[in-house]
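This report walks through a few local features of one protein model. The sequence and structure come first, and the description follows.

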Amino acid sequence: MGQITRRTFTAVAAGAWASALAAGDAAARTREHAPGPAPDGRAAGGGARRQGEMRGMWVATVGNIDWPSRPGLGADAQRRELTALLDTAVRRRLNTVMLQVRPAADALWPSPHEPWSAVLTGTQGQDPGWDPLDFAVRAAHERGLALHGWFNPYRVANHADPARLSAAHPVRRHPDWAVPYGGKLYYNPGLPQVRAFVQDAMFHAVEHYDLDGFHWDDYFYPYPVAGEAFDDDAAWAEHGGGFADRGDWRRHNVNLLVREAGERLRRTRPGARFGVSPFAIWRNRATDPAGSDTRGGVETYDDLYADTRRWVRERRIDYVVPQVYWHIGFAAADYAKLVPWWDEVCRGTGVDLYVGEALYKVADPAQPEAWQDPAELSRHLTFCRDHPRVKGHVYFSARHVVADPAGAMSRVVRDHYRRALPGPRG
């Protein structure tokens, strides 16, 4: 991805950061109580649980990772590229596409809240002359694919200079909403006005397009950067009075976002499904007896302030797609240990479990030997057959679904996707 993002972070964690993973460097912290399932027995977005196998792929637009191939292409070329990705999904017998439509506090549709994304034209705020989200929904549905809008709630920019944002950008009008951290800009999750605004920005798409799903990735509070502190002192002083611990307050802020978004989705588009694809390690067992048998240097509960286990147990979401981006047998974070842990977390909740798969690692010479074997990915799906809560898999990312490194995706199709299936839609 060029910058450390949801996917390259996990690649680093498995490679150069393997020693940090093995160190298990998070100290034990107080557990936040997680109540049981919602009393109505219904999940966040669409109520009753949906049936059907998920065969999905992520289409990343930030940094032009998957689409468009570069900024500044004409509308016809962009449409052709997107159509080709959707056609590839059909050929691979996939049934769901997670399209990143709000990559960084911007939009791939005409939004009244945030500017047009620079990934389209090269200039943030410049109208591309067409509506990519409208085209994507229609083209996906014509092909029998479910289309989930993928939104990043808090990322503002992959740089730290507000002056580089378009003149009409919300952060230019509200500079106090943003926090520079690690060379990037983020909306401050501790501000109630920010929480309200980012929901309005995301839900404009939900309200105006026939989306089958509302999807978030793993960015909440940002991944930790050594030697830096996320400066939310003023928000903590103003809004954190009910909490003795800043970590608990930060988790509360994210929990509120999840709860409010789920309730709003149920009101706005009852058939749409709410899903999150977190970094796969909630907490290590050494930190919390309820955690996974892993030694991750990052734990979502403690470092991203995202209590992903709680969201499942409370049925705040309809599905969860943990990014289990490690091979079977990886010592610090073993696929064969994380999948059973998530399977148990989802037991009895009605929340569907799909596994995020690291197709991008296959045949990458920087990855361990296991990823040089084109059968590794197929073995993942075989392993998951013995875990009844696993209802499918999602692959990162679309360009690798097209490229089919070492024939690994073709092998998955041959071994596991012998016939086409409709996507789990509302």
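Two strands pair if DSSP finds at least two bridges between them. Helices (H or I, at least four residues) and strands (E, at least two) are DSSP runs, numbered from the N terminus. The model is predicted, with pLDDT of at least 70 needed for local features and 80 or more for side-chain atom pairs, while totals for chains, interfaces and linings use all residues. Residues are numbered from 1 along each chain as its sequence is written, and side-chain values use heavy atoms, leaving out hydrogens and water.

**The barrel**

Eight strands form a closed barrel in the order β1-β2-β3-β7-β8-β9-β10-β11, with parallel pairing. Strands of a sheet pair through backbone hydrogen bonds, either parallel or antiparallel.

| Strands | Sense | Bridges | A bridge pair |
|---|---|---|---|
| β1 (residues 54-59) and β2 (residues 96-102) | parallel | four | glycine 56 and threonine 96 |
| β8 and β9 (residues 319-320) | parallel | two | valine 276 and valine 320 |

In a regular strand the side chains alternate between the two faces of the sheet. Buried means under 20% relative accessible area, exposed over 50%, and partly exposed in between (1.4 Å probe, protein chains only).

**A helix pair**

Helix α7 (residues 192-208) packs against helix α9 (residues 246-268) at an angle of about 30°, with their axes 11 Å apart. Axes are lines fitted to C-alpha atoms, for helices over the stretch in contact, and angles run from 0 to 180 degrees between N-to-C directions. The two helices α7 and α9 are therefore roughly parallel (under 35 degrees; over 145 is roughly antiparallel, 65 to 115 roughly perpendicular and the rest oblique). Residues in the contact (heavy atoms within 4.5 Å) include Val198 and Phe203 of α7 and Leu256 and Leu257 of α9.

Most residues other than glycine have a negative phi, and most peptide bonds are trans. In the loop between β1 and α3 (75-91) lies proline 68, which a cis peptide bond joins to tryptophan 67, with omega about -20°. Asparagine 64 is found in the loop between β1 and α3 too; its phi is positive, about 55°, and at 15% relative accessibility asparagine 64 counts as buried.

Another cis peptide bond joins phenylalanine 396 and serine 397, with omega about 0°.
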